[in-house]
2 protein chains.
Amino acid sequence: MLSNQLQNGVETAKLIWSRLPNAEDGSDDAEGDEDGVLRSEGFDAVESLDYEVIENYAYRQEQARRGKLYVWYNVGVKWFFALLIGIGTGLAAVLINISVENFAGWKYSWTFKIIQTSYVAGFIVYTLFNLALVFSSVYIVTQFAPAAAGSGIPEIKGYLNGIDTRGILLFRTLIGKISGSIGSVGGGLALGKEGPLVHTGACIASLLGQGGSTKYHLSSRWLQIFKSDRDRRDLVTCGCAAGVAAAFRAPVGGVLFALEEVTSWWRSQLMWRVFFTSAVVAVVVRTAMGWCKSGKCGHFGSGGFIIWDVSDGQEDYSFAELLPMAIIGVIGGLLGALFNQLTLYITHWRRNYLHKKGNRVKIIEACLISVMTSVISFGLPLFRKCSACPDSDSSIECPRRPGTYGNYVNFFCSNSNEYNDLATIFFNTQDDAIRNLFSAKTIHEYSAQSLLTFLVMFYSLAVVTFGTAVPAGQFVPGIMIGSTYGRLVGMFVVKLSQKTNIEEGTYALLGAASFLGGSMRMTVSLCVIMVEITNNLKLLPLIMLVLLISKAVGDAFNEGLYEEQARLRGIPLLESRPKNLMRKMTAKEACGNQKVSYFTRVVKVADVANILRTNNHNGFPVVDQPRNGETIVIGLILRSHLLVLLQSKADFQHSPLAVDMRSQSIPIRHNLGDFVKPVTSKGLSINDIHLSSDDLEMYIDLAPFVNPSPYVVPEDMSLTKVYNLFRQLGLRHIFVVPRASRVIGMITRKDLLFEDNEDSGSVELQSTSVRGEERAGSRVRRRNSEVGSPLLNGLLE
Amino acid sequence: MLSNQLQNGVETAKLIWSRLPNAEDGSDDAEGDEDGVLRSEGFDAVESLDYEVIENYAYRQEQARRGKLYVWYNVGVKWFFALLIGIGTGLAAVLINISVENFAGWKYSWTFKIIQTSYVAGFIVYTLFNLALVFSSVYIVTQFAPAAAGSGIPEIKGYLNGIDTRGILLFRTLIGKISGSIGSVGGGLALGKEGPLVHTGACIASLLGQGGSTKYHLSSRWLQIFKSDRDRRDLVTCGCAAGVAAAFRAPVGGVLFALEEVTSWWRSQLMWRVFFTSAVVAVVVRTAMGWCKSGKCGHFGSGGFIIWDVSDGQEDYSFAELLPMAIIGVIGGLLGALFNQLTLYITHWRRNYLHKKGNRVKIIEACLISVMTSVISFGLPLFRKCSACPDSDSSIECPRRPGTYGNYVNFFCSNSNEYNDLATIFFNTQDDAIRNLFSAKTIHEYSAQSLLTFLVMFYSLAVVTFGTAVPAGQFVPGIMIGSTYGRLVGMFVVKLSQKTNIEEGTYALLGAASFLGGSMRMTVSLCVIMVEITNNLKLLPLIMLVLLISKAVGDAFNEGLYEEQARLRGIPLLESRPKNLMRKMTAKEACGNQKVSYFTRVVKVADVANILRTNNHNGFPVVDQPRNGETIVIGLILRSHLLVLLQSKADFQHSPLAVDMRSQSIPIRHNLGDFVKPVTSKGLSINDIHLSSDDLEMYIDLAPFVNPSPYVVPEDMSLTKVYNLFRQLGLRHIFVVPRASRVIGMITRKDLLFEDNEDSGSVELQSTSVRGEERAGSRVRRRNSEVGSPLLNGLLE
């Protein structure tokens, strides 16, 4: 029943999105609502994508003004920012890791010290320590940075797909994310710090891109480059890659993650810059870790970044082993899909019922979960009978000394040469638990019973914890869950086969890959990340196999975790593939019977204000009526640009006559900077603008401000093709027009091939006026069409 | 002067491309010319890209006929073919490697045996053995498979960009490539077998895709999927990735190579399949190598695939080392750019002068180069004074036993505990030489003099060898060259610094990366390939750094190797980024004053034949004149489709009246299979079709065969935007039309978002007629527009 309700809810929301622009109740003015639920804004207001170059007259003038120096400056700044993003994200990762390791280190060393005398006192200290950390995290997030809750990856994915969620890239979100991560991970909740690091990287990138303009008082002309949507998104892409690179020390994995999972529009030029950012992160993190090795960072250094080196593990595999590995893949797909479905239900319920009740409920919820986690992780091992240490060589310490890291934890054991296998994985930081699960040469360390108990309990905890108001990543919990059942399968393989070179740790690794594949449905990037984490290339084909199976199994049930969550949060991602439904529809049908609001070229201010007030479209066609009497569409004007024009009043004119676009001195009183949408604030609204009655009687000539040639499609084009156009080029508006009455020309490949002999950038700077541009254009054509030499003899004969 | 001439040549060729469609001398009928020079065809004839869905009436009928089974069959076949491509490419790689290793093994073991008695006899045997292998290779290639010469990567890149080069994907090319590779690599030329393996993979993929239809006699309807250009290209992409994965045993590198370097249009769905293919290759190669380990494969097994394990090398680096590493990057950029430039000149000269003189010249040329290579590699070490073996521990064998692999080759030494350092790298297979250069714990093995001699000689040999008529890869020579100067720099670092943990082998590895980066200009894929080859993840940031520098330095001089070569071969690649020039041009200017040839909807056969004969355009607009008298463009018809219609004569009709498209029974006598372009043959020409005078008086109604809605652009759209549209969507034709007089609707994101609740594929199958399709479409719209529930309350309230 819940399932049905949810389904309906999701569907209704979808359908409503599609109606939003016709809604006139001002819903897009709703701020992130008072109880702190992260909520995307009204639809048209959030959509902010504009990869397409806006090439109105003002823009072209701006372009013409730029000097050669500017081009170099532009390139230089972009690379410099990539460097800064790398350094910033690397340092943030180091900070988070050092803090978490130290908090967790203190916690466990105190607890272990106290339980020498009293288990009850130890339990109380342990629980209170966890509670305090989690409380600090949830308090910061709810009171100060509501957008910092969760992993942030769905929101970033949405941002790069063209949907701004309010507040995800603010400075306070960054601070909340970092400090919240430290609290929630240090407090022992069943969540990770890796997802939040991606968000952190994105925040740093976005803030750097925008910080330059407000902080350093550089002229807006020089920082123009970071005001276009495309450049901002490029920076955020770099930030995402940097986040992954820092979280897993996986630079290639970071690049691939940004490519495969996060961005929607990828340009090969960008790959190079993202790659650089990741390399910088790798160097920064390595340097910091080298510095920490000397013991300057407290408990950090022995634990530190999650690098689970399994290079001393199994290197070879027999064909018979492929079967249990395939089984691990299937289990991963099933459990992963189940995880996605359960978290979807729970998040849905939380958003609609629990979190409606205000921040106090959220805080109480997180604290309750913290206490529950403490009780389970401390209490369950108490019921577990200790096992005797294996009497093997002395290379493995058993039991390990209290307060150190390693396998064979002595916890509530009557004998000093015994260990508690459940405590080894449960009563430990997650990083250490994973290291213990992956460890080689420790056959028979865990009993099946302990692993099963842990699997069930941790899975439940992870599901329940998902969606609380703290920063939460799903990578590490996923690895925990996966490696548990992986090790379980490995135990059976060891038991059944008589070979000695089978390592349970390798199966644990494959299990981890399978669960992540089954839940997140990434392929290449996840594979590379797993390889980089474990530093073992030989396992690559096995990881690939397991991922293939788990993703295929998971896909049979539902979508990936991030897609599900994005949808639930009302972030309508445009997938790369058009829906099957679209094949049957035409462009005209997609527009429905929605009325198009026109502007004429020279328009009365009162009319502009009126139209802007009575609908909430974001773009309007502008039509002109040249001498011969027929109307002609001269372009698209954006609501935001109109608002700027109305506010500044600089371009108002008394006469309804059009400006002569051919004269070189159009009195444009704006520079392009005025039209740039601010990153963090909401931007202008028509209601903020005061227009006197004199103003209302004036006119504006819109021609210099329109985008003169938006993409058009004929009315009966299949919606599949329209979708491809829209999605591939990252558009915001497409005009649906009647079929043409004639074809002026055909563009084929040959028309688009000519040598660009001039240096990059220099052409752009040769002409400084529109007339100059036209000259340049015709010059090129002449070069192409007046060569009369015989065919192909230049080069091939 | 040569440079200028070349420049002019390239430019003239470019300009001529842009004129080709107006040329009427039938130049596109030229076959790959008699002397076997690989030459692309006339331009419009080669262009074959059509990623866009052709959705004419016949296609839609075909779609409607398909059953649910078909969808599953379709998916299943695609994956099955991915499996087959993986297996095939893996086996081909194994075959090549086993053969090369065995030939080279025999050669060296015989030579070493003979030189115990006579160096002259040894030299003669060595030279003749090499000569015989190279002769076999060049003979096969020139006589039998001219398209197999060279690396094939530029051609494959062109194919995936939309340009067919004649013969590159034939079965004979595959055979020529495999056997030619064995000869040329086994014969000791300064070239590698990795580039050809990419081509081999692509051939296997293409042949599999097409073999199904001719060999197994499956109905054309069921194999439809592999007849669309898109599916063929997808298969070839898989093949490329498989080739790299097999060549370097680098499955992730293979995926990235296909993504970064080869394909022009990447769909994320494809990534998954490419990934699978690479995984299959990894398993196949591993299995084969395991089988060979028992000694069943002769000399293969000890050498085998190029995996240069440097995991016992340097793991750490100090900041001071970054400077020499940066220097390596700069050297790599400079030498790489120089390599590209020199090979460009030489290839140009070869194509225009030498290879014009026929196959005999090509054979003689290759044989001469083989003899030269033998003389240098045998002769130069003779002049080198032997050094005494290092008196270290016995872990390193010095000198190595004759006929085995390893460092410290005893060659022309007076003393038995001496070795010849030049022979160690020169008188060896390239794989072993690289292993020796990369080797750790062998400080001071090489003298700077030997390394310099080798660098100069091998660089020259590589430049001269490039472009001979044998299959030739540039990876391994590049690694050889790079690792030589890398090791040279490493020697100086070892000498200058007093640290003991610096390994010359690590510098050699970085040198190899830098030269490849400076020549091929790949980034992420090359980085991953290097890491996978050397099996050492710790060096990743260093490899990244070196690649960044060498690519940047190289880019300052010229384009990447493959781009230069593609351009020289007349493969006009459409880059992902529009040229700067295009900013100043409009769509109309790009078409020039080229006259557009129209067809009316119902057209006389004589007129069709006439128009097809008098120009060589590939697509024609079709206009109709409905009742109200105005003309309207109803779509685009392709030349190839017209030719099919003319040849079959089935759709000829006596009356000039149009068919009623609304009736369900349009007498289409073709199925879509007829319209599919054959892969290997040239396709129909208008001159092949005989039309009687009766036929010429008949009419054809083109309406069912047009592509009803090709993409259109307004005449004054900036060419940059047109380029983006063309390139991103992989189009062949764009109509340039007048500006619209009105806007019927606007498509924004919300219009493209609706849930696709039906299972994938099922929607497509619900309706079986055009009328049914329309019903389905309007049903969806209703769902979207008639929901009246209040805003956002479904999910979020």
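**Close-up views of strands and helices**

**B:Asp624 has B:Ile632 of strand E6(B) as its bridge partner.** The model is predicted: local features require pLDDT of at least 70 and side-chain atom pairs count only at pLDDT 80 or more, while totals for chains, interfaces and linings use all residues. Residues are numbered from 1 along each chain as its sequence is written, chains are lettered from A and ligands numbered from 1 in the order in which they are written, and side-chain values use heavy atoms, with hydrogens and water left out. Helices (H or I, at least four residues) and strands (E, at least two) are DSSP runs numbered from the N terminus; two strands pair if DSSP finds at least two bridges between them. Strand E5(B), residues 619-624, and strand E6(B), residues 632-638, are joined in the antiparallel sense over six bridges. E5(B) also pairs with strand E3(B), residues 599-600, here in the parallel sense and over two bridges, with B:Phe599 opposite B:Val622.

**B:Thr600 lies in strand E3 of chain B.** With a relative accessible area of 42%, B:Thr600 is partly exposed. Apart from neighbours within four places in sequence, the residues in contact (heavy atoms within 4.5 Å) with B:Thr600 are B:Val622, B:Val623 and B:Leu702. B:Val622 is 22 residues away along the chain, and its C-alpha atom is separated from that of B:Thr600 by 5.4 Å.

**In chain A, three strands form an open sheet of mixed pairing in the order E3-E5-E6.** Its edge strands are E3(A), residues 599-600, and E6(A), residues 632-638, each of which pairs on one side only. E3(A) and E5(A), residues 619-624, pair in the parallel sense over two bridges. Within this pairing, A:Thr600 has A:Val623 of E5(A) as its bridge partner. Helix H24(A), residues 639-648, packs on the sheet and touches E3, E5 and E6 of chain A. The direction of H24(A) makes about 75° with that of E6(A); axes are lines fitted to C-alpha atoms, for helices over the stretch in contact, and angles run from 0 to 180 degrees between N-to-C directions.

**An open sheet of three strands, with mixed pairing, has the order E9(A)-E10(A)-E11(B).** Strand E9(A), 712-714, and strand E11(B), 745-747, stand at the edges with a single partner strand each, so one side of each has no neighbour in the sheet. From one strand to the next, the twist averages 35°. Strand E10(A), residues 734-737, pairs with E11(B) in the antiparallel sense over three bridges; the bridge partner of A:Phe735 is B:Met746.

**Helix H27(A), residues 719-729, is mostly covered, with 10 of its 11 residues buried.** Among the buried residues are A:Val722, A:Tyr723, A:Leu725 and A:Phe726. The buried residues of H27(A) pack against helix H6 (153-161), helix H22 (587-591), E9 and E10 of chain A, and against helix H27 (719-729) and E11 of chain B. Just after H27(A), A:Gly730 adopts a positive phi of about 60°.

**Helices H12(B), residues 322-354, and H21(B), residues 561-568, pack at an angle of about 20° with their axes 10 Å apart.** H12(B) is therefore roughly parallel to H21(B), since angles under 35 degrees count as roughly parallel, over 145 as roughly antiparallel, 65 to 115 as roughly perpendicular and the rest as oblique.

**The axes of helices H18(B), residues 504-520, and H19(B), residues 524-534, come within 11 Å and cross at roughly 150°.** H18(B) and H19(B) are therefore roughly antiparallel to each other, and their crossing is right-handed. B:Leu509, B:Ala512, B:Ala513, B:Leu516 and B:Gly517 of H18(B) make the contact with B:Leu526, B:Met530 and B:Thr534 of H19(B). By class, the contact of H18(B) with H19(B) comprises six nonpolar, two polar and no charged residues.

Methods. Buried means under 20% relative accessible area, exposed over 50%, partly exposed in between (1.4 Å probe, protein chains only). A crossing is left-handed if the near helix is turned anticlockwise from the far one by less than a right angle, and right-handed if clockwise. Ala, Val, Leu, Ile, Met, Phe, Trp, Tyr, Cys and Pro count as nonpolar, Asp, Glu, Lys and Arg as charged, and the others, Gly among them, as polar.
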